Amino acid sequence: MRFTGLNRQIVLSMSVLMVCSILIIWIGSWIFFAVAFKIDPGMLSEPDDWSPSTVEWLWIFAITIFGLALAAFFAIKLAARILKPINSVMDSVRRVAHGDLSARAFAGDRTLGETAMLVDDFNSMAERLQRGAQESLTWNAAIAHELRTPVTILRGTLQGVVDGVFKPEEVPFSSLLAQVEDLGRLIEDLRTLSLADSGHMQLRMAWTDLTLEIEEVGRLLAQEMEAAGFTLRLHLSDHPVCCDAARIRQIVLALLDNARRYAHPGLLRVRTRVQAGQYYLSVEDAGPGISDELAAHVFEAFRRGDSARVDLNAGSGLGLAVVEAIARAHGGSAVCTRSTTGGSLFTVKWPVEHGALPAAG
């Protein structure tokens, strides 16, 4: 058993109590018998008497009562020190149970290691619950906001057809199809993030040459990117890497779509390389770049810059969060920095070797 924290305090308190009791008995008995012998030796029992005298019985009773009072005093003081943080936790648990997630416990005397740890663990749990509740409210509001526009457009158009306001041949079905595709992407992004957060994202790992995969994505988006004024330039390594190729294509699509929506038209570079056992995939645009303050939070769900909030062409705010979630599922990470040309540089990296990856949930 470790001689720290609460164990140490209990042992020290009991030791102090025992030492004080012994000293009081010794010193008190010495004073009592010295005074009694000086006043009247006859009130003390004889050496060959088996039973104490009345005065000695009174002394034994008095010293016993004093010892009990001293023990009770130490016990109350120690119990108060131990129970104060425990009662604080109990009260906070009761408040959390009734919906007050802002409740926090107070450790008081932190020399009682175990109780201080209990308070810290409870406060950490309460903070996570409160943060989770706040994030849930934010997510619900953001999802409702993202769903409202396409659903309103679809409902309004279809209702117009039903009411005879529009003729079927007048309905812009290509526009409606685009709204449905946006809904499909939003649902898939939400599903990906949910699987990543719960640890149940399934990865089909295999050794892959991503050059072919990225070139295929480039061909699929070539017409759309050119129409938006972007020139796609690929600098790809043919080094094989162990990954889920479908998920990596999802990363490339999300990064290129993000550049198409927010970057200035111009040169768009996609690079891959291997360094120190890590596979690096990066997308660099020509500007306008992202502020350092926003770059630290750009991979959070529904986090967008102020200009994007009022841009009708802005995405759902989930694409980069999906990128970070897939990178994390591969045992890697995603970062956003400012490029040497003043634009944004998104870099995703993960271990080349399959053995370096965590087991998929």
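This passage covers model confidence and salt bridges in the chain.

The model is predicted; local features need pLDDT of at least 70, side-chain atom pairs count only at pLDDT 80 or more, and totals for chains, interfaces and linings use all residues. Residues are numbered from 1 along each chain as its sequence is written, and side-chain values use heavy atoms, without hydrogens or water.

The chain averages a pLDDT (the predictor's confidence in each residue, from 0 to 100) of 80. A score of at least 70 is reached by 89% of the residues. Helices (H or I, at least four residues) and strands (E, at least two) are DSSP runs, numbered from the N terminus. Confidence is highest in strand E5 (residues 278-284), at a mean of 94. The lowest mean, 45, falls in helix H8 (residues 306-309). Over residues 306-312, pLDDT stays under 50, and the model has 4 contacts (heavy atoms within 4.5 Å) beyond four places in sequence. Where pLDDT is low, the predicted coordinates should not be read in detail.

The structure holds 9 salt bridges (a side-chain nitrogen of Lys or Arg within 4 Å of a carboxyl oxygen of Asp or Glu). In one, the closest N and O atoms of Arg-95 and Asp-100 are 2.8 Å apart. Arg-95 is partly exposed at 34% relative accessibility; buried means under 20% relative accessible area, exposed over 50%, partly exposed in between (1.4 Å probe, protein chains only).

Glu-216 pairs with Arg-219 at 2.7 Å. The two are 3 residues apart in helix H5 (residues 210-227), about one helical turn. Arg-219 is exposed, at 54%.

In helix H6 (residues 245-262), Asp-257 and Arg-261 lie 4 residues apart. Salt bridges with shared partners join Glu-224, Asp-257, Arg-260 and Arg-261 into one network.
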